Amino acid sequence: QVQLVESGGGVVQTGGSLRLSCAASGRTFRNRDMGWFRQAPGKEREFVAAINWSGRSISYADSVKGRFTISRDNAKDTMSLQMNSLKPEDTAVYSCAAGPPSFNSVAPTNAKEFTYWGQGTQVTVSS
């Protein structure tokens, strides 16, 4: 089992920034792909960003490219999502996810490729 705990959500004005963190515990973190997904009220969960186990492959949703930056620290079993230039449409519950042990060369973007999920943290962007 891998336990994931998100932190860093909150309320911010349009154009502001937030940094989300995901702390992992339990089984090995460093050989797992990691990702961020979000779900707004009344909408389906959507992919935000992902990083493969080594950190050498990163994927972003088109809606966040150039504004969000995903990173990981395998020595600390943590992953982060720096969110800049936030927009009201970024309002959602953000969840981090971990995949099964692998050595993928490309960061996955499909939620089905992730095995463990955190509880989520609310991000609200006011206009």
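## Strands and how they pair

Two strands count as paired if DSSP finds at least two bridges between them. Strands themselves are DSSP runs of E, at least two residues long, numbered from the N terminus. Take E7 and strand E8 (residues 78–83): six bridges join them, and they run antiparallel. Within that pairing, Asp73 sits opposite Thr78 in E8.

A quick word on what you're looking at. This is a predicted model, in which local features need pLDDT of at least 70 and side-chain atom pairs count only at pLDDT 80 or more, while totals for chains, interfaces and linings use all residues. Residues are numbered from 1 along each chain as its sequence is written, and side-chain values use heavy atoms, with hydrogens and water left out.

## The four-stranded sheet

E7 and E8 belong to an open sheet of four strands, ordered E1-E3-E8-E7, with antiparallel pairing. Strand E1 (2–7) and strand E7 (68–73) are the edge strands; each has a single partner, so one side of each has no neighbour in the sheet. From one strand to the next, the twist averages 15 degrees (axes are lines fitted to C-alpha atoms, and angles run from 0 to 180 degrees between N-to-C directions).

## Strand E11 and its partners

E11 pairs with strand E2 (residues 10–13) through four bridges, and these two run parallel. Here Gly10 has Val123 as its bridge partner in E11.

E11 has a covered face made of Thr121, Val123 and Val125, and an uncovered one with Gln122, Thr124 and Ser126.

## The nonpolar core

A nonpolar core is a set of buried Ala, Val, Leu, Ile, Met, Phe, Trp, Tyr and Cys residues joined through side-chain atoms within 4.5 Å. Buried means under 20% relative accessible area, exposed means over 50%, and partly exposed is in between (1.4 Å probe, protein chains only). The largest core has 36 residues, and Leu4, Trp36, Leu81, Met83 and Tyr94 touch the most other members. Strands that each supply at least two residues include E1, strand E4 (32–39) and strand E11 (121–126).

## The disulfide

Searching the whole structure turns up one disulfide, meaning a pair of cysteine sulfur atoms within 2.5 Å. Cys22 and Cys96 form it, with their sulfurs 2.1 Å apart. The link is right-handed, with 55 degrees about the S-S bond. Since Cys22 lies in strand E3 and Cys96 in strand E9, the pair ties together parts that are 74 residues apart in sequence. Cys22 is buried at 0% relative accessible area, and Cys96 also counts as buried at 0%.

## Two asparagines in loops

Asn52 lies in the loop between strand E5 (46–51) and strand E6 (58–60), yet it is buried, with a relative accessible area of 2%. Its side chain reaches the backbone oxygen of Asn104 at 2.8 Å. Leaving out residues up to four places away in sequence, Asn52 touches Arg32, Asp33, Arg72 and Ser105, among others.

Asn31 is in the loop between E3 and E4 and is buried too, at 17% relative accessible area. Beyond its neighbours within four places in sequence, Asn31 contacts Trp53, Pro100, Pro101, Ser102 and Phe103.

Note on methods. Polar contact = N/O pair within 3.5 Å; in protein donor to acceptor, adjacent residues only side chain to side chain. Contact = heavy atoms within 4.5 Å.
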